[in-house]
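Please keep the structure in view while reading.

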Amino acid sequence: MIARIGASPWSQWNLAVTGINASPENPGPGCAVARCLSEASGFRGRVLGLGYETLDAGLYQPDDCAGGYLLPYPASGSEALLERLDDILSRERIDAIIPSLDAELPNFIDLEPTLARRGVRMLLPSRAQLRCRDKDRLPALCAQAGVATPRVRPISDLRFFERCTRPEEGGWTWPLVVKGVFYDAFVVHDPEEAAERFRQIADAWGYPVLVQEHVAGEEVNLTALGDGSGALIGPVMMRKQAVTEKGKAWAGVAIDDSDLLAAGERLMRTLAWRGPLELELLRDAAGTLHLIEINPRFPAWVYLSHGVGRNLPAALLALLHGTAAADLPLAEPRPGVTFIRHARDLIVEMDDLVSVTMTGATQRQPAQSRHRLSA
């Protein structure tokens, strides 16, 4: 844990966090990141939420976000994002941004030097690092790192499922996993179900759609930070105990798993990753760990890092301020700590929603009055 922030300059920073949607099936990590920061011991700065939808919960969650702004969708490109951020920076001092969604990272990576000149810090991978952990490139990465991973293939024609078991197509066996490039993954058991999920993913995320061999087993996850040196900083490991229909963790328990830790260290050395990441692996019946995905940001369950004594979003700020990884006061994590996700209703006035729609911004007033919205 960042036990005592004390007078560290970054404890006074104003921060912006993206991914503040709170969908029960597929929650963004941003609200959990903001909660980690707002509860970090000694933190006295402000956290702003950056959302994409009027109903993103972080825009109306005063306990964790002091206010919020809407951004253009990632498909709008980096120029549109910079224009919007410059508008926000004309109203707010922002010392650091923590992007929390996969699809927006290329734009933020492109803007990192420009935003640095504006005094905005970010801890992000390079474009090359981001590409290396793409789902269709995991076999090459894992071969280099010495970690097992299922076979994966990009496809753009759903007729693949009618012939995939033939030797000339690679002799795939059912069930398979159909995945999007950014999000969504479904276990399918026959060509009809596969075709339905293929269309669903293509409609949501475009082509190609990925097909991956299915590995039966227990899922374990690891989240950590990288500073670009190849070191695995502050790893927190978790085993899922309850999941949503999309496989997202609804409850999980912190674990101490030496095999998972070793796999994480090998992958981090190979990638020389910079920034937060999450590793998703499955342990099969023989005990072998198979890497399923590398997510290039904090997971939605990152609040568990605060719960076990390793507040990773706070550690990220310390790294941005120049603290060496070896000097981060990260406590040993506590296995057995459990998180349980839950839904909470936020009461929002209609004029607040209208103001977000019209102005793209919320602004908290002092604590003694109810938060109101402004341009």
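This is a predicted model: local features need pLDDT of at least 70, side-chain atom pairs count only at pLDDT 80 or more; totals for chains, interfaces and linings use all residues.

On the side of helix 2, the contact is made by Ser78, Leu81, Leu82 and Leu85, while helix 3 contributes Asn107, Phe108, Asp110, Leu111, Thr114 and Leu115. Sorted by class, the residues of this contact are six nonpolar, three polar and one charged.

Two packed helices are described by the angle between their axes and the distance between the axes, and the table gives both values for two pairs.

| Helix pair | Angle | Axis distance |
|---|---|---|
| Helix 2 (residues 78-89) and helix 3 (residues 105-117) | about 50 degrees | 9 Å |
| Helix 5 (residues 138-145) and helix 8 (residues 258-271) | about 105 degrees | 9 Å |

With an angle of about 105 degrees, helix 5 and helix 8 are therefore roughly perpendicular to each other. Here Leu141, Gln144 and Ala145 of helix 5 meet Arg266, Leu267, Thr270 and Leu271 of helix 8, and the residues of this contact comprise four nonpolar, two polar and one charged.

Which residues of helix 11 are buried? In this helix, which spans residues 350-359, they are Asp352, Leu353 and Val356. Seen down the axis of helix 11, the buried residues fall within an arc of 100 degrees, so they line one face of the helix. The face turned away from that buried side carries Met350, Thr357 and Met358, which are exposed. Just after helix 11 comes Gly360, which takes a positive phi of about 75 degrees.

Definitions and conventions:
Residues are numbered from 1 along each chain as its sequence is written. Side-chain values use heavy atoms; hydrogens and water are left out. Axes are lines fitted to C-alpha atoms, for helices over the stretch in contact, and angles run from 0 to 180 degrees between N-to-C directions. Helices (H or I, at least four residues) and strands (E, at least two) are DSSP runs, numbered from the N terminus. Angles under 35 degrees count as roughly parallel, over 145 as roughly antiparallel, 65 to 115 as roughly perpendicular and the rest as oblique. Contact means heavy atoms within 4.5 Å. Ala, Val, Leu, Ile, Met, Phe, Trp, Tyr, Cys and Pro count as nonpolar, Asp, Glu, Lys and Arg as charged, and the others, Gly among them, as polar. Buried means under 20% relative accessible area, exposed over 50%, partly exposed in between (1.4 Å probe, protein chains only). The arc is that of the directions from the helix axis to the C-beta atoms.
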